[in-house]
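I opened the model to look up a few local features and kept these notes as I went. The entries follow the order in which I checked things.

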Amino acid sequence: MTLGPIGFAAPWLLWALAALPILWLILRAVPPAPIRRRFPGVALLLGLTDDDTVSDRTPWWLLLLRMLAVAAVIIGLAGPVLNPETRSDTDSDAPLLILTDASWASARDWPATLKLLDRVLAEAGRDGRPTAIARLTDPGAPVFQAAETWRSRLSGIAPQPWEPTDAMTEAARAALPDSDFETLWISDGLARDSRAALLDTLKSRGPVTVVEGGRPLVVLGPPEIEAGQITLHATRQRPGTETRLPVIAHGSDPAGNPAELARLTLVFPEGGLEASGTLNLPNELRARLTRFEISGQGHAGAVTLADDRLSRREVALIEGRSGREGLELLSPLHYLRKALAPNATLLEGTLATSLPANPGVIVLADVATLSPGETADLLGWAEAGGTLLRFAGPQLAASDVSRDGEDPLLPVRLRSGGRSVGGAMSWGEPKTLAPFPEDSPFYGLDIPEDVTVNSQVMAQPDPTLADRVIAALSDGTPLVTRKRIGAGQVILFHVTANAEWSSLPLSGLFVQMLERLSITAAADTTLPADLAAATWQPDRVLTASGTLEPGDTLPGVSGTALLSDPLGPELRPGLYDGPDRRLARNAHDPERDLAPMVWPAGTRIEGMVRASETPLGGWLLALAMLLLLGDILASLALSGRLGPVRRAALLGTVAILTSYSPDTAWAQSPPEIAEELALAHVITGDRALDEIAHAALRGLGQTLFFRTSVEPDPPVAVDLERDELAFYPLLYWPITPDQPLPSSEAYARLNTYLRTGGMILFDTRDADIAGFGTGSPNGAMLRKLAAPLDIPPLEPVPEDHVLTRSFYLLQDFPGRHMGRTVWVEAAPPDAEQVEGMPFRNLNDGVTPVVIGGNDWASAWAVTENGSPLLPVGRGFAGERQRELALRFGVNLVMHVLTGNYKSDQVHVPALLDRLGQ
């Protein structure tokens, strides 16, 4: 039952309000209790008139107060709810079916979906309506049961990282019961043809209400390699204003821990649906990429996985007649260099110098004869997954290689001599290229009309020849042939790598063919028969929210299914490992149109966000208590029993009770300056990072407490613009690429802090991948932040620096990252080693800054109960790395507290004994 915006869980209790007039008459008819006074000389008062009289009726305002208290109790017990959730215009008692798409596109609004489900189930529970919840991504027969039962299971209902297919939608439609029910359809907003039939069936069962979120989808396409750079494309569902979205490149650091490697901003123009940008990353970072993610979207469609396509492969170029004199344009390697240099790292030399580097591709340009040792080495390398790319030429045509029998490093047997067409000594015309077959890695490439072939080496007829031809001339003769060798392959171009035998090297088609074979062959979506039939094991799979989780417990899939089957429970989006490569299957298909769903006219459509339900029963009962308390005070006052002392006590009690609230009970005073030693960290504005820094200093403080005589207070978060720094001997400052620069007043306080003995530990947290240069966003920000500071000349920590022995003997200073350079104040030039001492005389001063990128906070951070907060490394080696990080923190604090006293002569015997000297 609802009255305006207020609903009632027990409306029958409201009938008690009809008794209020009767209660009014009863209370008005009963006079208040008379005042009784005891006095010995009452006889002397007989016959006198008392000026203080007591009313024979209760005052009207007191009656009204009592009526309001009783009404508040009645209404409060009736269970009033402000903005109750109602799902239909009529008070229906029919069962309620809650249908949700539960796809990756639903993940962005899933927290709001759970709140909506909770409100709807609460309303259905009050109405006693049987309820069922069904997901299109996991179709099944709806099970109608008590709404409270479903409310207890809400935490286990989650979206899936795939969309409902036509088959799934049809299965859900077929499983619907024949009885009448009302439907609440929570849609992800994407158009699908299969919705129409399902919607018609649901409308035949009862009313249907569609709920959609208001935010348009933004998805990220797979990365592409263009001119040696990574290009990313994003698409949004609806046009809008100019929008800037950050894209984060995730990967692993040198120790194998998850890390942010780069960041890119994509800009959607006003009214546009597409945005793109490029990233130029060094080979080391590109090889460690795992995924790209649009920040803040929270669904798998905003994540694209990185597979072997992004690895910048090493290609070795070997020429059959190296060192010859002649024009550059006649060199077989000239066109190969031009075609491969933008997307590959080129190695030139001999087989003896190239094979130890284990390149991904080895190109032999007109190399005919190989020694038995070279043949064996190449076979072993190819069987392990290498691609051998060979080009014909005069030497191969004149040799006897692969004449009588097939050479193991050639895909076909060759005829002696060669074939010349279109030349001065031939009658025919130059041959053009035939269209590439569908099973060819070149399928889909456009063939320019001006590409012709004048000469070629011919393949001898063989039963396997047709299966090994991946490109042919217009007359059907082979142009490119391929043969599998173990996990690798050998490919032969039957023409030269220069323009002597064909115009192919002069065309853009030559570049595209080489890219397909040597750059992107490992991730080519056209798999050969053996890889298509092979089993591909999921390594890591995507969740609907866009996070990666291990997939090694899931069953493998065939290569054909991996490339063509729709996603579902048996084929999840993620990274799959095959015999010789890794392929990514993303949640969003770039060919998928992001058109929003247009529902038929007359369909009731609502938004996801509504005014939340607010129970009013507790407030009304509390109001009734206050009114009854007021009635007691008024009654005591009217009867003369409320003296001055009692009046003051009661008023004080009322003031305390009415001023209490949960917010004031839990409020905390602002942090005070620590009375004892405290470690501090700079507030960066990144809440998550600040929490990690706080947890890190808590962990370091606990280590100091248990291992040393230092007993620090809880760590303090310092605001550089407001807080005094002189109370904290050590200041931990993590660097983020977008943190604001301090003001001039803050820099003045920082310089004073450094000059008066304070120490700042700068941590870029990026493993110093660019040496604090502009190539790292955190390194570039460190340069900006440190420019106004009075920092002395720096040097890498020398082997005899006091940091290496202030408490523990250390040779390295790892955090979450290992083995990176740590910088401290440079020693004075006149510092010399004293005879008999294992270190220089460095007694004066403490380095004011320590700069590194090892992310010590992640290694130090602990939870409230002292457990490590973040992973470091793997297994025992990781725990050893965390222990060394804590020891570095202890040495750092002891150094800042005690200075360089460990350089004194008195410590020499003990140090020599510990050093084993």
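In helix 20 I found Ala746, Tyr747, Leu750, Asn751, Tyr753 and Leu754 buried; buried means under 20% relative accessible area, exposed over 50%, and partly exposed in between, with a 1.4 Å probe and protein chains only. They cover an arc of only 160 degrees around the axis, which puts them on the same side of helix 20; the arc is that of the directions from the helix axis to the C-beta atoms. An α-helix has 3.6 residues a turn, so residues three or four places apart point the same way. On the face turned away from the buried side of helix 20 I noted the exposed residues Ser744 and Arg755.

I then looked up what covers the buried residues of helix 20, and the list includes strand 36 (730–734), strand 37 (759–763), helix 21 (777–786) and strand 40 (849–852). Helices (H or I, at least four residues) and strands (E, at least two) are DSSP runs, numbered from the N terminus. Helix 20 (residues 744–755) has 12 residues, and from its first C-alpha to its last it reaches 16 Å, close to the 16 Å expected at 1.5 Å a residue; the expected span is 1.5 Å times one less than the number of residues. Gly757 follows helix 20 and has a positive phi, near 105 degrees.

I am working with a predicted model, in which local features need pLDDT of at least 70 and side-chain atom pairs count only at pLDDT 80 or more, while totals for chains, interfaces and linings use all residues. Residues are numbered from 1 along each chain as its sequence is written, and side-chain values use heavy atoms, with hydrogens and water left out.

The average pLDDT of the protein is 81, and 80% of the residues score at least 70; pLDDT is the predictor's confidence in each residue, from 0 to 100. Over residues 520–526 the pLDDT is below 50, and this stretch has 20 contacts in the model beyond near neighbours in sequence; contact means heavy atoms within 4.5 Å. Residues 660–674 also stay under 50, and for them the model has 4 contacts beyond four places in sequence. Where pLDDT is low, the predicted coordinates should not be read in detail.

I traced an open sheet of 5 strands in the order 5-4-6-7-32, with parallel pairing; two strands pair if DSSP finds at least two bridges between them. Strand 5 (131–135) and strand 32 (604–607) stand at the edges, each with a single partner strand, so one side of each is left without a neighbour in the sheet. The twist averages 20 degrees from one strand to the next; axes are lines fitted to C-alpha atoms, for helices over the stretch in contact, and angles run from 0 to 180 degrees between N-to-C directions. Strand 4 (residues 96–100) pairs with strand 5 over 5 bridges in the parallel sense, and Leu97 stands opposite Ala132 in strand 5.

Asn358 is not a glycine, yet its phi is positive at about 50 degrees. Asn358 lies in the loop between helix 9 (351–354) and strand 18 (361–365) and is exposed, with a relative accessible area of 54%. Asp366 has a phi near 55 degrees, and its place is in the loop between strand 18 and helix 10 (372–383). Asp366 counts as buried at 5% relative accessibility.
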